[in-house]
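Subject: Structure for you to look at

Hi,

Here is the structure I promised to send over.

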Amino acid sequence: MLKWFRRKFKKKTEETPSAEGTSPETPVQETSSPEPPPPETPSLATPVTESVAPSAEEAAEEKKLWDRFKKGLTKTRERLREGLAELFEVDRLVDQAFLEELEELLITADIGIETVNRLLEPSRRKLLLGEPLKVSELKRSLREEILRMLDLPTPPFPPEASPAVVFFIGVNGVGKTTTLAKVAWHLKERGFSVLAVAADTFRAAAIEQLVTWGERVGFEVIRQAQGADPGAVVYQGLEAAKARGVDVVLVDTAGRLHTKYNLMEELKKMVRVAGKVVPEAPHENILVLDATTGQNAVSQAKLFGQAVRLDSLILTKMDGTAKGGIAITVAHLFRLPIRFVGLGEKMEDLAPFEPRAFVQALMP
Ligand SMILES: Nc1nc2c(ncn2[C@@H]2O[C@H](COP(=O)(O)OP(=O)(O)O)[C@@H](O)[C@H]2O)c(=O)[nH]1
Ligand SMILES: [Mg+2]
């Protein structure tokens, strides 16, 4: 079962967001978009929980997402496939040379050395003890170990708070703003009202980018002038969300790693401010990582993890990289569940990360 968004309403009752349908400009004064109207058909109004069996439509949607997710892994799979197929072809006994070759292969798919060592540890131990180990057994063990690393508990999304406050954190260019917009679109599709906070106040262009997405997807953006105190924007944003009764607040943060600017202090402050306006906020801090950067993602996770509590990950740009193995590394090293993966630049290009599908796609 894919871990995906909760639904506020089982089915949307009207309207798809369009650029024309949303009012541009002066977003701060904008009245919030109304709650989805009470549906006429009671069956559609039933709020669903995770345990409710999916409808045929939902099942079809899941299949589509699954396919999209698998397609996004194509490059990583291609990098691994040939080598793995060759290695796993004959079910012979594993020896030291085999393990070394496998180790190298896994590293080329950007699974970090520490993680590869951990993955191969049970097999190594067997060899050391002189126990026979067949290729098929090793393959099974490898899959199980990867799954164990990836299959971390993922709380429902959006978090069950009102309003639910979600921070998007990460260095410049990883895809925070784009991903926030994708998440907003999916949330709206599922009946949630959404408000975004432009707390990356560094460049006017960053604020404009979010506003443009807001117009396209149909969500309000709380913003201040370029250079404004991000903590103040968060404050204003959350107050507005409370006043309007918005379901989910998505906070876009700055990612500039610059010597003159203490990004981490600013982040900590934003988190503190959020907690003062909405109890327990932020309810989820999502670290956004660009999968194409490979091992660099590890140092980013370390850096941000030292400053604020991180709850989950989103890996972007999986569509263009053979470095998908980084998913295993970050999940292993930081024990953070991967919520979603980004698979392109459009608002639909987001898929849930499904550990089983991932392992199956990489190691058929
Ligand atoms: N191919 C691809 N491009 C992406 C994805 N996510 C974001 N991008 C692109 O990455 C660039 C930086 O994204 P942006 O959201 O501005 O990053 P930010 O600085 O972290 O806010 C933009 O050109 C996005 O279109 C993705 O999943 N796939
Ligand atoms: Mg941005």
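The protein averages a pLDDT of 86, and 85% of the residues score at least 70. The part to be careful with is residues 11-51, where pLDDT stays under 50. The model does have 51 contacts beyond four places in sequence for residues 11-51, but where pLDDT is low, the predicted coordinates should not be read in detail.

Now the sheet. There are 8 strands in an open sheet with mixed pairing, and the order is E3-E2-E4-E1-E5-E6-E7-E8. Strand E3 (220-222) and strand E8 (350-352) sit at the edges; each has a single partner strand, so one side of each lacks a neighbour in the sheet. On average, neighbouring strands are turned by 25° against each other, ignoring direction.

Leu287 stands opposite Leu313 in E6.

Helix H2 (residues 56-72) touches strand E7 (338-342) and E8, and the direction of H2 makes about 105° with that of E8. Helix H9 (residues 230-244) touches strand E1 (164-169), strand E2 (194-199), E3 and strand E4 (248-253). The direction of H9 makes about 165° with that of E2.

There is also a helix-helix contact to check. The axes of helix H5 (residues 113-128) and helix H12 (residues 326-334) come within 9 Å and cross at roughly 80°, which means that H5 is roughly perpendicular to H12. On the H5 side the contact involves Glu114, Thr115 and Arg118, which meet Ile328, Thr329, His332 and Leu333 in H12. By type, the residues of this contact are 2 nonpolar, 3 polar and 2 charged.

Finally, the ligand. Which residues come nearest to ligand 1? Out of 19 residues around ligand 1, they are Gly175, Lys176, Thr177, Thr178 and Gly342. Helix H7 (residues 176-189) gives the largest share of the shell, with 4 residues. The shell divides into 12 polar, 5 charged and 2 nonpolar residues.

Over to you now.

Cheers

Definitions and conventions
Residues are numbered from 1 along each chain as its sequence is written. Chains are lettered from A and ligands numbered from 1 in the order in which they are written. This is a predicted model: local features need pLDDT of at least 70, side-chain atom pairs count only at pLDDT 80 or more; totals for chains, interfaces and linings use all residues. A residue is near a molecule or strand if its C-beta atom, placed from the backbone, lies within 6 Å of it. Helices (H or I, at least four residues) and strands (E, at least two) are DSSP runs, numbered from the N terminus. Ala, Val, Leu, Ile, Met, Phe, Trp, Tyr, Cys and Pro count as nonpolar, Asp, Glu, Lys and Arg as charged, and the others, Gly among them, as polar. Axes are lines fitted to C-alpha atoms, for helices over the stretch in contact, and angles run from 0 to 180 degrees between N-to-C directions. Angles under 35 degrees count as roughly parallel, over 145 as roughly antiparallel, 65 to 115 as roughly perpendicular and the rest as oblique. Two residues are in contact if their C-beta atoms, placed from the backbone, lie within 7 Å. Two strands pair if DSSP finds at least two bridges between them. pLDDT is the predictor's confidence in each residue, from 0 to 100.
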